[in-house]
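User: Hi! I am new to protein structures and would like to go through one with you, step by step. Could you show it to me?

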Amino acid sequence: MNAEIAGPVLDDHMHLDPVHGRGVDAAREFADSGGTHLLVVNKPSWHLLDSLPEGADDFREVFDLTVDAVERASEALPGRAWPVLGVHPALVSQLVDEGLDPEEARDLMQTGLDTAAEYVADGPALALKSGRPHYDVSDAVWTASNDVMRHGFGLAAETGCAIQLHAESGEDFTEVAEWAEARGLAPERVVKHYSGGRLDGITKSVISHKDELELAIEEDEPFMMETDFIDDPDRPGAVLGVGTVPSRVRWLRERGYDEAIERAHVDTPAAVYGIDTEGTLE
């Protein structure tokens with residue numbers, strides 16, 4: 001563990017690509033930079049399998065690759081990594097482009113979430129991943145996408161886990177929070193990945209730009225930090241490099257934001273995911 005930081009450093013949303021990318025080597029770089037814990041989100045099926053899923057078995061192949069990568073990443077960390085499994089919301093567009101109607105795409109994506117929930121219920125996965133497109137789509141695709149997301153809320157409530165969302169930019173997610181509550185899921189356990197520093201309704205996982213982190217601290221609400229590192233050899237360092245969160249933690253420490261660091265890397269992860277980043281740190 002990096003002595004400059006001396007505490008848990010969690011990246012709440014990172015990808016590791018064991019097929020085409022750096023995989024566990026990226027986790028080693030994160031640890032060498034001072035990072036301790038990772039939430040690793042499976043990459044979309046068309047990135048790992050080079051094809052679109054047709055059923056539960058295809059989703060299982062993606063999830064198994066991710067779980068294996070996370071197990072190996074944990075061995076490289078002073079803390080540990082956890083898998084977050086689910087379905088990228090852009091899959092709906094891929095499927096519709098291939099000739100499925102939005103309702104058929106919805107059903108297949110819900111099958112993917114059902115399969116991911118099995119991994120949470122059986123132990124290897126920590127949380128689910130869902131959402132809706134962050135780009136313009138038809139009304140039918142938007143409706144189907146919201147149906148998928150609400151299905152994810154129900155599964156998270158049933159399995160007692162949190163769910164990360166990939167969604168459009170914005171600050172008002174109170175309606176989404178209401179949908180989660182209607183399915184029995186506490187809004188605090190719904191996490192908007194790639195969030196800005198201000199967000200209403202659900203928990204924010206803030207993309208680790210300095211201005212957004214400062215805004216999150218000013219808001220004085222629960223938050224976490226992420227890079228959304230995508231582990232793509234054609235886009236090295238995208239979205240942010242693997243060492244960004246540890247670097248930002250040092251930057252926050254220099255400015256005296258010790259309480260905010262504790263909130264982002266200990267308190268909020270415990271409240272949202274039920275994980276103990278201090279107790280799992282060597």
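Predicted model: local features only at pLDDT ≥ 70, side-chain atom pairs only at ≥ 80, totals over all residues.

User: Which residues of helix H7 (residues 174-182) are buried?

Analyst: Let us start with what the words mean. Buried means under 20% relative accessible area, exposed means over 50%, and partly exposed is in between, using a 1.4 Å probe and protein chains only. Helices (H or I, at least four residues) and strands (E, at least two) are DSSP runs, numbered from the N terminus. In helix H7, the buried residues are Val176, Ala177, Trp179 and Ala180.

User: What arc do the buried residues of H7 fall within, seen down the axis?

Analyst: The arc is that of the directions from the helix axis to the C-beta atoms. The buried residues of H7 line one face of the helix, because seen down the axis they fall within an arc of 160°.

User: How many helices and strands does the protein chain have, and what is its radius of gyration?

Analyst: The protein chain has 10 helices and 8 strands. The radius of gyration is taken over C-alpha atoms, and the globule rule is 2.2 Å times the number of residues to the power 0.38. For 282 residues that rule gives 19 Å, and the chain comes close to this, so it is as compact as a globular protein of that length, with a radius of gyration of 18 Å.

User: What share of the residues in the protein chain is buried?

Analyst: For a picture of the extent, the C-alpha trace spans about 55 × 40 × 35 Å along its principal axes. Of the 282 residues in the chain, the buried ones make up 58%.

User: Which residues of helix H1 (residues 24-32) are buried, and what arc do they cover?

Analyst: The buried residues of H1 are Val24, Ala26, Ala27, Phe30 and Ala31. They sit on the same side of H1, because around the axis they cover an arc of only 155°.

User: Is leucine 38 buried or exposed, and which residues is it in contact with?

Analyst: Leucine 38 is found in strand S2. Its relative accessibility is 0%, so it counts as buried. Setting aside neighbours within four places in sequence, leucine 38 is in contact with Leu10, Asp11, Met14, Ala27, Phe30, Leu77, Arg80, Ala81 and Trp82.

User: Which residues is valine 67 in contact with?

Analyst: Valine 67 lies in helix H3 and is buried, with a relative accessible area of 11%. Leaving out neighbours within four places in sequence, its contacts are Pro83, Leu85, Tyr119 and Pro124.

User: What is phi of tyrosine 194, and is this residue buried or partly exposed?

Analyst: Tyrosine 194 lies in strand S6. Its phi is near 55°, a positive value in a residue other than glycine. With a relative accessible area of 37%, tyrosine 194 is partly exposed.

User: Where does aspartate 231 lie, and what is its relative accessible area?

Analyst: Aspartate 231 lies in the loop between S8 and H9. Its phi is a positive value near 55°, in a residue other than glycine. Aspartate 231 is buried, with a relative accessible area of 2%.

User: What is omega for the peptide bond from alanine 238 to valine 239?

Analyst: Valine 239 is found in the loop between strand S8 (223-226) and H9. The peptide bond from alanine 238 to valine 239 is cis, with omega near -5°.

Methods. Residues numbered from 1 in each chain as written. Heavy atoms only, no water. Contact = heavy atoms within 4.5 Å.
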